[in-house]
Amino acid sequence: MNERIGAAVPGEIVTVDTAVVGSGFAGLGMAVKLDEAGRRDWLILEKGDTLGGTWRDNEYPGCACDVESHLYSFSFRQNPAWTRTFARQPEIRAYLEDVADHYRLRDRIRYGAHVTGAEWDGTGWDVRLADGSTIRARFVVFGTGALHDPAIPDIEGLDRFAGTAFHSAQWDHSRELRGTRVAVIGTGASAVQFVPAIAPDVESLTLFQRTAPWVLPKGDKPISDDARRRYRRFPLLQRLARTALYWRHEVLVAGFMNPRLMKVIGRVATTYLDRSFANDPALKAKVTPDFTIGCKRILLSNDYYPALRRDNVHVETTGIARVTETGVVTADGVEHPCDTIVFGTGFTIADSLSRMTITGRDGAKLGDAWRGGMQALLGTTVAGFPNLFLLTGPNTGLGHSSMVLMIESQIPYVLDAMDTVDRHRATAIDTVRERQDDFNTEVQAKLEKAVWSQGGCNSWYLDEHGRNRTLWPGATFTYRRRTRRIDPADHVLI
Ligand code: NAP
């Protein structure tokens, strides 16, 4: 094992050229491409004790991807062995493990490395870890993603609950749910997957729905042995399948950016809703959304609506007032007894990076810089924070396709920035604040007209000021074009 990644010694300082934070798709992809660029002196800092990021943390029953795996994987490491069109979590996690093996990344991943902050001292970054050690790096790349801080609502009485309560991203597998009474809070992309997975086994499931989501059928099916053999023998076939998927997703952008066009998809979803609840108009009324489809993430599922129709499942739409020792009480005073509460309540988005103490030039804090909202240039660099890069940073998320496409656009951009520094024998590259501001003005102008702002819903895409600081307002190919290389006008060398 590489000496640098053994157990940390408090006060220890390890020096590398590039520190990469996180070992999910972003961190691993960055590491592969750093190596390929001959920049082998990097270290991944991973807070967990295994790799995989969100695909390690989210291992709730039924967890799967809602983007097809041929597209939700690295273009440079296609996997002919996917067993389903939409792979399930264990297979995606195994894929990431394979990437780490294939590209020999493992000896440069430091586990249990919880980054608490980073300081720029004029020549490099001191990345602080919770264990008291410091990683000194010229470049820092945050591949920490947006969805890793579980959000548990502050419900009165929750601390007095005598049963078990946990979040979907921290599933308590030691808790046997079979034959017990379960309360589920939330009806987002996670709940829509684990509710059908647990419903057949539990005695009762009360689903607390605050907002009914739009659901479309999922074209999920096994990939036959024959097909997999063909993909292995003729990789071009898989590339073609990927390309077809790419464009099928990409055409949806027009709808997200022009809410009127979403009516077409809305009709498909309404038909699915009508068909699913033809015999139960009361339940249909409860689960019919009241906003434009696409405003919140569109959920794909073949088994969510059937699960809601089960006799042992009850959809509760009255708001939650409090939790008692024995159950959840709704605003109408009714207690819903339960043994376990599962929170499918999503993640705290906005401040996961600003909660770390990241100090840039002249003592500027990222938390302060982002007080009015997260902002970066092309979601990747932030003025005043030289040599610091964000993968899946502000406004790089997607409502319509695979995040891996965005990550693979950002990585060459980051490498070009590093090369620019080296080529000019500079110390660092920083972002021109006016260019960053112009970029964000442009992005916000587009987003104001998009379905996420105009669709009549609230979602984690919007910050507390109602601004969409998470999604990219356009096609992935547009983003790729803009990140092909560093625009010298956007940056200064120092
Ligand atoms: P989410 O989409 O943020 O959904 C959270 C749910 O909890 C919503 O239904 C929300 O209701 C509800 N909720 C939150 N606080 C509540 C409260 N105090 N009382 C009652 N209900 C409350 O979270 P998620 O389902 O974990 O998904 C988050 C994101 O993760 C997704 O949008 C997606 O990007 C990603 N994800 C992806 C996949 C995949 O297949 N690729 C799978 C799972 C998750 P409101 O709607 O009323 O706010």
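**Reading spaces, cores and residues**

Mentor: Let us begin with the second largest cavity, whose lining is made up of Asp 66, Ala 189, Val 192, Gln 193, Leu 299 and Leu 300. This is a predicted model in which local features need pLDDT of at least 70 and side-chain atom pairs count only at pLDDT 80 or more, while totals for chains, interfaces and linings use all residues. Residues are numbered from 1 along each chain as its sequence is written, and side-chain values use heavy atoms, with hydrogens and water left out.

Trainee: Which elements give two or more residues to the lining of the second largest cavity?
Mentor: Elements are DSSP runs numbered from the N terminus, a helix being H or I over at least four residues and a strand being E over at least two. Here the contributors of two or more residues are H4 and strand S11 (299-300). The space itself comes to about 30 Å³.

Trainee: How many cavities of 30 Å³ or more does the structure hold?
Mentor: A cavity is a set of points, on a 1 Å grid over the protein atoms alone, where a 1.4 Å probe fits but cannot get out, whereas a pocket is an open set with protein on both sides within 12 Å along at least five of seven lines; lining residues have an atom within 4 Å of a point. Grid points are joined across faces, edges and corners, and a volume is the space filled by probe spheres set on the points. The structure has two cavities of 30 Å³ or more, and the largest cavity holds about 50 Å³. Residues lining the largest cavity include Thr 381, Phe 385, Ala 417 and His 491, and strand S19 gives the most, with three residues.

Trainee: How many nonpolar, polar and charged residues has the lining of the largest cavity?
Mentor: Ala, Val, Leu, Ile, Met, Phe, Trp, Tyr, Cys and Pro count as nonpolar, Asp, Glu, Lys and Arg as charged, and the others, Gly among them, as polar. By that scheme the lining of the largest cavity has seven nonpolar, four polar and one charged residues.

Trainee: What about a pocket, and which residues lie nearest the centre of the second largest pocket?
Mentor: That pocket is lined by 27 residues, and Glu 68, Phe 86, His 249, Leu 252 and Leu 300 lie nearest its centre. Helix H5 (225-233) and helix H6 (235-250) are the elements that supply two or more residues to this lining, with H6 giving the most, three residues. The volume of the second largest pocket is about 620 Å³, and its lining counts 14 nonpolar, seven polar and six charged residues. Domain 1 (3-149 + 348-493) and domain 2 (158-219 + 259-343) each provide at least three of the lining residues; such bounds come from an automatic or database domain assignment.

Trainee: Which residues touch the most other members of the largest nonpolar core?
Mentor: A nonpolar core is a set of buried Ala, Val, Leu, Ile, Met, Phe, Trp, Tyr and Cys residues joined through side-chain atoms within 4.5 Å. The largest one has 108 residues, and Phe 25, Val 184 and Leu 308 touch the most other members. Helix H12 (residues 403-423) gives the largest share of this core, 11 residues. The core lies between domain 1 and domain 2, because both give residues to it. Another core, of 29 residues, lies apart from it and includes Leu 43 and Leu 353.

Trainee: Finally, is Arg 104 buried or exposed?
Mentor: Buried means under 20% relative accessible area, exposed over 50%, and partly exposed in between (1.4 Å probe, protein chains only). Arg 104 counts as exposed because its relative accessibility is 67%. Its phi is near 50 degrees, a positive value in a residue other than glycine, and Arg 104 sits in the loop between helix H3 (89-102) and strand S3 (109-110).

Trainee: And is Thr 392 buried or exposed?
Mentor: Thr 392 has 18% relative accessibility, so it counts as buried. Thr 392 too is not a glycine, yet has a positive phi, of about 55 degrees, and its place is in the loop between strand S18 (388-390) and H12.

Trainee: Which residues does Ser 190 touch?
Mentor: Contact means heavy atoms within 4.5 Å. Leaving out residues up to four places away in sequence, Ser 190 touches Tyr 60 and Ser 168. Ser 190 counts as buried, because its relative accessibility is 15%.
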